[in-house]
Amino acid sequence: MCSSDLHISEVDYIVEAASEVEEVPPVTPTDIDVQIAGHIVPLIRDGACIQLGIGGLPNIVGTMLAESDIKDLGCHSEMLADAFYHLHQAGKLTNRRKGVDKGQSTFTFVAGSKFLYDWLDHNPACITYPSSYTNNSRLIAQNPDTVSINACLEVDLFGQISSESIGTRQISGTGGQLDFAAGAYLSEGGMSFVCCNSSYQDQDRNLKSRIVPALRPGSIVTVPRSLTHCVVTEYGIADLAGLSTWQRAEALINIAHPRLRDKLVAEAQKMQIWRRSHK
């Protein structure tokens, strides 16, 4: 049962908060976030149903969409963030082309600014469900042109995505990334984007790649290679759908940091998943 269908007589207990709802300030997007969003936004079509993860990148995607000519967007997302409010204010968020919950923005929890909470208050166009509903890949896939946008820590040359750990060092939880990646992949016209900076600096300020030959031992595979669709860095998009192993390696190397590509090619050759004859 969703929140808009719940009558007060059906509630067992109500706990009133002793303070205002905690605001979650938006993360300021980096220049690289803007570049990554710039690769994604032109691919989103009128009527797309959007899922956004946490961070600066989703906010800038929402801002770019709000300023674009795209119309009739929908919302089916585990988290409702400020970006969806901006889309509503711009007249872009109508939900009229959704396959389920038509006319309503669907979500499980909300984290953002006060203006976002004020918009939700007594708003029947925003509908809350448990995660067992919002994260159901079969339901997600019923919305045509579903677009899922999330972030990750590392991607290996097979297309395996780790968004939770680096080796055995736990960074984050599972969340709904796999659910929405699968749902978007199965959606008619859908696209799943998993994003990361191409590189980072370690403690000694050495440049390291987030696209790696193979995930480190103990790394948690959040999205298996069979469900990885589009991987995005500031250098472009690697659409892995239907690609062979060597084609995946080549596509991912092409969006790695330019200074680190030769090393990835050498490692791929050692692993026998890429050779120059493939060219």
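How many of the eleven residues of helix α2 are buried? Nine of them are, so the rest of the structure largely encloses this helix. The views below come from a predicted model.

**View 1. Helix α2 and its surroundings.** Helix α2 covers residues 56-66. Its buried residues are G56, L57, P58, N59, I60, V61, G62, L65 and A66. What do these residues pack against? Their partners include two helices, α1 (31-40) and α3 (82-89). Strands β1 (49-52), β7 (146-151) and β12 (191-195) are also packed against the buried residues of α2.

**View 2. The largest pocket.** The space in this pocket is about 780 Å³. Its lining involves 34 residues. I54, N150, A151, C152 and Q177 lie nearest the centre. Which elements give two or more residues to the lining? They are α1, β1, α2, β7, α7 and β13 (199-201). By class, 16 lining residues are nonpolar, 15 are polar and three are charged.

**View 3. Strand β16, covered on both faces.** Strand β16 spans residues 230-233. In a regular strand, side chains alternate between the two faces of the sheet. Here C230 and V232 sit on one side, with V231 and T233 on the other. All four are buried, and both faces of β16 are covered.

**View 4. The neighbours of β16.** Strand β12 pairs with β16 in the parallel sense, over three bridges. In this pairing, F193 stands opposite C230 of β16. Strand β17 (residues 236-239) runs antiparallel to β16, and four bridges join the two. V231 has A238 of β17 as its bridge partner. A hairpin of two residues connects β16 to β17.

**View 5. E188 in its loop.** E188 lies in the loop between α7 (177-186) and β12. Is E188 buried or exposed? Its relative accessibility is 64%, so E188 counts as exposed. Leaving out residues up to four places away in sequence, E188 touches A141, P144 and D145. V155 is 33 residues from E188 in sequence, and their C-alpha atoms are 25 Å apart.

View 6. In one of them, R96 pairs with D72, and the closest N and O atoms are 2.5 Å apart. R96 is in the loop between α3 and β4 (105-107), while D72 is in the loop between α2 and β2 (74-75). The two residues are 24 apart and link distant parts of the chain. R96 has a relative accessible area of 52%, so it is exposed. D72 has 9%, so it is buried. R97 joins D72 and R96 in a network of salt bridges.

View 7. An α-helix has 3.6 residues a turn, so residues three or four places apart point the same way. In α4 (residues 114-120), D118 and K114 are four residues apart, about one turn. Their closest N and O atoms are 3.0 Å apart in a salt bridge. D118, at 45% relative accessibility, counts as partly exposed. K114, at 43%, is also partly exposed. In α9 (residues 261-270), E267 and K270 are three residues apart, so about one helical turn separates them. They too form a salt bridge, with the closest N and O atoms 3.6 Å apart. E267 is partly exposed at 26%, whereas K270 is exposed at 62%.

Definitions and conventions: Residues numbered from 1 in each chain as written. Predicted model: local features only at pLDDT ≥ 70, side-chain atom pairs only at ≥ 80, totals over all residues. Heavy atoms only, no water. Buried < 20%, exposed > 50% of the residue type's maximum accessible area, 1.4 Å probe, protein only. Contact = heavy atoms within 4.5 Å. Pairing = 2+ DSSP bridges. 1 Å grid on protein atoms, 1.4 Å probe; cavity = no way out; pocket = protein on both sides within 12 Å on 5 of 7 lines; lining within 4 Å. Points joined across faces, edges and corners; volume = space filled by probe spheres on them. Nonpolar A, V, L, I, M, F, W, Y, C, P; charged D, E, K, R; others polar. Salt bridge = Lys/Arg side-chain N within 4 Å of Asp/Glu carboxyl O.
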